[in-house]
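Here is a briefing on one structure, grouped by topic. Please look over the sequence and the model first.

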Amino acid sequence: MRTTTTATPLVEVRGLHTFYGNSHVLHGVDLQIAPGETLALLGRNGMGKSTTIRSLLGLTPARSGEVRIKGKDVTGSAPHQMIRRGIGYVPEGRGMFPNLTVRESLLMAARPGVNGRRGWSLDRVLETFPRLGERFAHLTGNLSGGEQQMVAIGRALMTNPELMILDEATEGLAPLIRKEIWEVIRLIKASGIATLVVDKNVNVLLDLADRSMIMVKGRVVYDGPSQDLKSHPQILRTHIGL
Ligand SMILES: Nc1ncnc2c1ncn2[C@@H]1O[C@H](COP(=O)(O)OP(=O)(O)OP(=O)(O)O)[C@@H](O)[C@H]1O
């Protein structure tokens, strides 16, 4: 099942084939995200979700396939160029620089977005995550997992992105902190930023996402409105085992 949008997608990926050495892990992945849309990328462990994101960003370049941002072919662009084109990335594992303070981590990322957008300033990030204000001068390496995750999200917001990619942003966090992170993801969505979210909390994710895709062994086996997936739990059972 596919959902088609008539407007030019914000990000479009076509026919990605990606390898780790001789191991062929993505087998022709297609993906589209419309401006402001929230897309859930679902699938069991090892099915290729993170690799899809990494190939989209140029971190693990695909051997073939195409990546477009607002219709412009950006295939083969370096990761920093993808960020400059409006993609904020919160990697699995958070990607902290442990010897930088919270302040340095946030300010280092600061840049106006595409077309000079400056909606996400340091003040707004600190308003969104008051705890980071309290830890402002601390080294990120000394923060709790939840606080590090807030830095990772805050840092991506400081780039004023049009698309935020969150890979397992709530993994390993205590339930209350997890709830806080979900609230921030909802706030990001409400602010009009498109989001691509990978997370093991499928039920929360289905409530949040406009559309969901399921990957099995490097292929997209489902792409449709999250609402349809919620009303057809057998699809989730078959492909994710829920
Ligand atoms: N650096 C790597 N070198 C070799 N193989 C890798 C590497 N990273 C991932 N793989 C393999 O590629 C396949 C896809 O992994 P990927 O991390 O994209 O899956 P995923 O759906 O994101 O799952 P997870 O939730 O476990 O991260 C898996 O078989 C994995 O073992």
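**Ligand shell and overall picture**

Helix α1 gives the most to the shell around the ligand, with three residues. Helices (H or I, at least four residues) and strands (E, at least two) are DSSP runs, numbered from the N terminus. This is a predicted model: local features need pLDDT of at least 70, side-chain atom pairs count only at pLDDT 80 or more, and totals for chains, interfaces and linings use all residues. Residues are numbered from 1 along each chain as its sequence is written.

**Around the ligand**

- The ligand is surrounded by Tyr 20, Ser 23, Val 25, Gly 43, Asn 45, Gly 46, Met 47, Gly 48, Lys 49, Ser 50 and Thr 51. A residue is near a molecule or strand if its C-beta atom, placed from the backbone, lies within 6 Å of it.
- Two or more shell residues come from each of β2 (23–33) and α1 (49–57).
- By type, the shell holds three nonpolar, seven polar and one charged residue. Ala, Val, Leu, Ile, Met, Phe, Trp, Tyr, Cys and Pro count as nonpolar, Asp, Glu, Lys and Arg as charged, and the others, Gly among them, as polar.

**Chain and fold**

- The chain has ten helices and ten strands.
- Its radius of gyration is 17 Å, close to the 18 Å that the globule rule gives for 242 residues, so the chain is as compact as a globular protein of that length. The radius is taken over C-alpha atoms, and the rule is 2.2 Å times the number of residues to the power 0.38.
- Along the principal axes, the C-alpha atoms fill a box of roughly 50 × 40 × 35 Å.
- Of the 242 residues, 39% count as buried. Buried means 20 or more other C-beta atoms within 10 Å of the residue's own, exposed means 12 or fewer, and partly exposed is in between; C-beta atoms are placed from the backbone.
- Among contacts between residues at least 6 apart in sequence, 68% join residues at least 24 apart. A contact needs C-beta atoms, placed from the backbone, within 7 Å.
- UniProt, in an unreviewed entry, places the feature "domain: ABC transporter" at residues 11–242. Such annotations may be inferred rather than shown by experiment.
- Residues 11–242 are 37% helix and 26% strand, with end C-alpha atoms 29 Å apart.

**Nonpolar core**

- The largest nonpolar core has 59 residues; Leu 41, Val 90, Leu 163, Met 164, Ile 165, Val 197 and Met 213 touch the most other members. Helix α6 (residues 145–157) supplies the largest share, six residues. Such a core is a set of buried Ala, Val, Leu, Ile, Met, Phe, Trp, Tyr and Cys residues joined through C-beta atoms within 7 Å.
- Beyond its neighbours within four places in sequence, Leu 163 contacts Leu 10, Val 11, Ile 33, Gly 86, Ile 87, Ile 193, Ala 194 and Leu 196.

**Ala 40**

- Ala 40 lies in strand β3 (residues 38–42). Ala 40 counts as buried because it has 24 C-beta neighbours inside 10 Å.
- Ala 40 and Asp 223 are 183 residues apart in sequence, yet 9.7 Å apart in space, C-alpha to C-alpha.

**Positive phi**

- Most residues other than glycine have a negative phi.
- Arg 94 has a positive phi of about 75° although it is not a glycine. Arg 94 sits in the loop between β6 (87–90) and α3 (102–109), and is buried, with 21 other C-beta atoms within 10 Å.
- Lys 217 has a positive phi near 45°. Lys 217 lies in the loop between β9 (211–216) and β10 (219–225), and is partly exposed, with 13 other C-beta atoms within 10 Å.

Key:
Two residues are in contact if their C-beta atoms, placed from the backbone, lie within 7 Å.
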